[in-house]
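The sequence and the structure are shown first.

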Amino acid sequence: MPGSVRNSSPGLSATGTSFPSTWRRGVRVSRSTCRIASGSSPAARSAHASPLAALLDFATCASRFVRTPEEFANQIAFFQLDLTDPEFHALALEYFRVEREELRALLDDAVAAGELRPGTDTDRLARGVQVAVNGARVVWAVVREGTLEEWTREELEALLAPRRSGGGGGGGLMVLPR
């Protein structure tokens, strides 16, 4: 194509920047945006009614940017790179590790605030939150009911309900503050 820039080096953009490094910057911006918007960063937590409200906001933040199953399919295409390319896998692994630490810190705060039962295994629950969020994405893309954010929030509420202080074993869904 006349006037277009072609680069024969695999993985390099026209500016000479590797695709993984560009992707890494995008992940950092995305994660920072969700941390700041949700309140998982210490400075922003006071904007939420409770630690669980901050956790729900943080855990559903990325789902706000996916409006259709087709947009989610595009994310799945990139996820294939995360699973097959060693450099991308290292980035994805680091992202999930940091995300779990953020979630665990918010769950620890929820236990300290009396929102979750004393003795709650927050490390295991943080892992459960990650599984619920990512599983909700796949099921929502197939079922196509409501928005991804609504679907994810409902799954998280179902996961957290039996662990809430005074939750009574989770006989029904409890609506958490938004």
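The model described here is predicted, and a search of the whole structure finds seven salt bridges. Three of them are set out below, with the distance between nitrogen and oxygen for each pair.

| Pair | N to O distance |
|---|---|
| Arg64 and Glu149 | 3.0 Å |
| Glu101 and Arg97 | 2.2 Å |
| Arg104 and Asp123 | 3.6 Å |

The side chains of Arg64 and Glu149 meet in a salt bridge. This pair links distant parts of the chain, since Arg64 lies in the loop between helix H2 (51-60) and helix H3 (69-84), while Glu149 belongs to helix H6 (residues 148-160), 85 residues apart. Arg64 is partly exposed, with a relative accessible area of 29%, and Glu149 is likewise partly exposed, with a value of 23%.

The salt bridge between Glu101 and Arg97 lies within a single helix: the two residues are four residues apart in helix H4 (residues 86-112), and are therefore separated by about one helical turn. Glu101 is partly exposed at 35% relative accessible area, and Arg97 counts as partly exposed at 39%.

Arg104 forms a salt bridge with Asp123, and this pair again links distant parts of the chain, with Arg104 in helix H4 and Asp123 in helix H5 (residues 122-143), 19 residues apart. Arg104 has a relative accessible area of 30% and is partly exposed, as is Asp123, with 41%.

Note on methods. Residues numbered from 1 in each chain as written. Predicted model: local features only at pLDDT ≥ 70, side-chain atom pairs only at ≥ 80, totals over all residues. Heavy atoms only, no water. Salt bridge = Lys/Arg side-chain N within 4 Å of Asp/Glu carboxyl O. Buried < 20%, exposed > 50% of the residue type's maximum accessible area, 1.4 Å probe, protein only.
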